[in-house]
Amino acid sequence: MIEMVNYRGPDATGFHVAGPVGLAHARLSIIDVGGGHQPMHNEDKTVWITFNGEIFNYVELREELLRKGHRFQSQSDTEVIIHLYEEKGEDCVHDLNGQWAFAIWDSRRERLFLSRDRLGVRPLFYAGTPEGFVFGSEIKSLLAVPSVPRSIDLEALDEIFTFWVTLPPRTIFKGVSELPPGHSLVFERGKTRLEPYWTLDYNPSMEVQREEEAREMLLDLLLDATRIRLRADVPVGAYLSGGLDSTVIAALVKKLGTTHLRTFSVAFEDKEFDESSFQNEASEFLKTDHERVLCSSGDIGRVFPDVVWHAEKPVLRTAPAPLFLLSKLVREQGYKVVLTGEGSDEVLGGYDIFKEAKIRRFWAKYPESKLRPILLRRLYPYMKNLQSQPDAYLRAFFHVRKDDLDSPFFSHLPRWDMTSKLKMFFSRESREQMKGCNAIARLGAELPSRFRQWDGFSQSQYLEAAYLLPGYILSSQGDRMAMAHSVEGRFPFLDYRVVEFASRLSPRLKMKVLNEKYLLKAAVGDLIPRSVRNRHKQPYRAPDSQSFLMGSGSEILHDYAEELLSPRAITEAGVFDPGTVGKLVAKARQGQVISVRDNMAFVGILSTQLVADRFIKNFPKE
Amino acid sequence: MTSIETDVRQYIVDKLLFGRTDTVVNGDTSFLESGLIDSTGVLELVAFLEEQFHIKVEDEDLIPANLDSINALIRFVESKYAASPDSRR
């Protein structure tokens, strides 16, 4: 099992087998390089742990535990969890500030205790088999166990072709579950308990209203979140994309006194996606030692099978691929830890979807306003196709249906509607089996009871932070792409103190009229270049279907894509309809796949075929 | 069925429905409302019209009344032919 994920921890491997339990660990040594070997135990070897991640406040926790009489064998953060567990049992997680997935075996109680960090930075999967309970950081570890089934869960696929993600604990593989973020799972005397220990909340009664006070508090919190994320016994670098968030993080690192900072970024050959000029500006302003990897469409097509192998689920965009190439660069430069700006958009209100919802609400209220098309063009300046559309079309696209206004999913319905159109490619048999599937109703049933009391802005923030963040941003684009090359990402914006503070902010401080992340920009002020602070937000994107065409103007796809999209392979996998896919592929060959819908369909179908091929049909034998 | 209608229907079936025959597209079915075209697909439709019928679609032509159903497209192409008979193939 552990060999399957050797890249997550190439520095050492450890095992502990005792009685009914076996723990394994692949180590990426970052804190206490010499002493932090795992699995690790307490003084009398009754409590054992295997742990992936970092506890950033381990220094403070260690001092407290020492005062209480605990004795430590190492300087590692891992050992802190063990002693904290001895002190507080399952409640120990409330004291942790970090990103973690761990399993503790408490032999006295015969209890296996699994936990995952609040926002889902680190992955953790499990499955029940006739022989016992298995768990691991990646699904491929579980699939290496012969009694774990290897088949696609069509209901999960229906969710991905609606939301881009599955609703945890469901995964794309039938019988394999994901421990949801902010949850613990306890396995004791044959029974399992799955319990949330933390959840996002938006509490209007505790709103922070005064801007000046909020600005200071946010900056202080972000500085401290960054400070404790620099704790490591190896050098720490940073991603610098040229956008606001990563520039803020790099600026905070510098402000904390780091003199030499290595930063890394992706540059695109295709100018539509490239942000090099902003990267240069930020790097020069902050005086960082900057390195970039140039990414072409061909590179994306070339590495895509590896990307899906690491993401372990179908993806609808190729955006993870450049991040796969970026982590390779980071590792080659001798770095294994990077700070990044992930989480800022979710926590501090940066996404276009928040703006779009605001405009659509305005539109519904003032249907005759002449401002509407102007606002929508301002919203998506980077979409060439949209810019050239006439007002009449914009009006039709962003038309608000009456029923939608009352929907708890108002902000997300247009996106989900569009993604759901891709289901037309499913085979008759798949659709037959999916009959009665209603992903949106399932999501509605699991919303927190307070959801309806939140304002519309907070509702859409919740949908992003609770689902897309862990299910796609932090996994398919985050942990999986970084860990593919043994690199650990750290995210100051996702420090739970920052998240909890931001959830008490008034929405008007997050987005002032249509100025996204308003408070963040105000808080960091001149710490970052004015041009980066004032630039229009450009979401991170990469070339899609054209990445799989060999050479410019060629009608031939990469070999593996030709093979996996052939009528024979489509029929064999059974998920999609070969005729429909054939016409999409023909359209792609002619370079006519232009629309967002067609591009998502192409990438979604190819990645699903790759999942079926690599994890089911040709899963590596030992 | 006129040849314009045949060509337009062929395009819809091949390029927007990808051969699926279980979705009924009537002459007046709205492409936008039925989701056949998304917010970035209109330009694809324009490219088809210009190439297939040898007409020039001007910016001011880009309104749903001209482009949002099979019947609208037929009327639009015919009006272009009427305005400029030389453009007919």
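**Walking through the model**

Author: Let us begin with chain B, where a compact globule of 89 residues would have a radius of gyration near 12 Å, and chain B agrees with this at 12 Å. Please keep in mind throughout that this is a predicted model.

Reader: ok, and how many helices and strands does chain B have?
Author: Chain B has four helices and zero strands, so that, read from the N terminus on, its elements run α-α-α-α. Its C-alpha atoms fill a box of roughly 40 × 25 × 20 Å along the principal axes.

Reader: what share of chain B is buried?
Author: Buried residues make up 28% of the 89 residues in chain B. Of the contacts in chain B with a separation of 6 or more, 59% are between residues 24 or more positions apart.

Reader: now chain A, how many helices and strands are there?
Author: Chain A contains 27 helices and 16 strands. Its radius of gyration is 24 Å, close to the 25 Å that the globule rule gives for 622 residues, so chain A is as compact as a globular protein of that length. The box filled by its C-alpha atoms is roughly 75 × 60 × 45 Å, again along the principal axes, and 50% of its 622 residues are buried.

Reader: which domains does chain A have?
Author: The domain assignment gives domain 1 (2–196), domain 2 (204–348 + 465–534), domain 3 (362–425 + 437–455) and domain 4 (545–617). The centres of domain 2 and domain 4 of chain A, taken over C-alpha atoms, are separated by 31 Å, and the contact between them takes twelve residues from domain 2 and 13 residues from domain 4. On the domain 2 side, the touching residues divide into seven nonpolar, three polar and two charged.

Reader: switching topic, which residues touch the most others in the largest nonpolar core?
Author: In that core of 166 residues, I81(A), L114(A), A238(A), A250(A), V338(A) and L606(A) touch the most other members. The largest share of this core, ten residues, comes from helix α27 (residues 596–617) of chain A. There is also a second, separate core of 15 residues, which includes I37(B), L45(B), V57(B) and F76(B).

Reader: and what is L606(A) in contact with?
Author: Once its neighbours within four places in sequence are left aside, L606(A) is in contact with F548(A), A561(A), L564(A) and L565(A).

Reader: why is helix α4 of chain A called largely enclosed?
Author: Helix α4 (residues 154–163) of chain A has nine of its ten residues buried, so it is largely enclosed by the rest of the structure. Just after α4(A), W164(A) takes a positive phi of about 80°.

Reader: can we do strands? where does V266(A) lie?
Author: V266(A) lies in strand β13 (residues 262–268) of chain A. Five of the seven residues of β13(A) are buried, so this strand, too, is largely enclosed by the rest of the structure. V266(A) itself is buried, with 25 other C-beta atoms within 10 Å.

Reader: what does V266(A) touch, then?
Author: Apart from its neighbours within four places in sequence, V266(A) is in contact with R292(A), V293(A), C295(A), P322(A), L325(A) and L326(A).

Reader: which strands pair with β13(A), and in which sense?
Author: Strand β12 (residues 236–239) of chain A pairs with β13(A) in the parallel sense over two bridges, and there A238(A) stands opposite T263(A). Seven bridges join β13(A) to strand β14 (residues 289–295) of chain A, also running parallel, with C295(A) in β14(A) as the bridge partner of F268(A).

Reader: last one, what is the order of the six-strand open sheet?
Author: The order is β3-β4-β5-β6-β10-β11 (chain A), with antiparallel pairing, and the edge strands are β3 (40–41) and β11 (191–196), each pairing on one side only. Within this sheet, β4 (residues 47–55) and β5 (residues 98–106) of chain A run antiparallel and are joined by nine bridges, with N52(A) opposite A101(A) in β5(A).

Note on methods
Residues numbered from 1 in each chain as written. Chains lettered and ligands numbered in written order. Predicted model: local features only at pLDDT ≥ 70, side-chain atom pairs only at ≥ 80, totals over all residues. Core = buried A, V, L, I, M, F, W, Y, C linked by C-beta atoms within 7 Å. Buried ≥ 20, exposed ≤ 12 C-beta atoms within 10 Å, placed from the backbone. Contact = placed C-beta atoms within 7 Å. Domains from an automatic or database assignment. Nonpolar A, V, L, I, M, F, W, Y, C, P; charged D, E, K, R; others polar. Rg over C-alpha atoms; globule rule 2.2 N^0.38 Å. Pairing = 2+ DSSP bridges.
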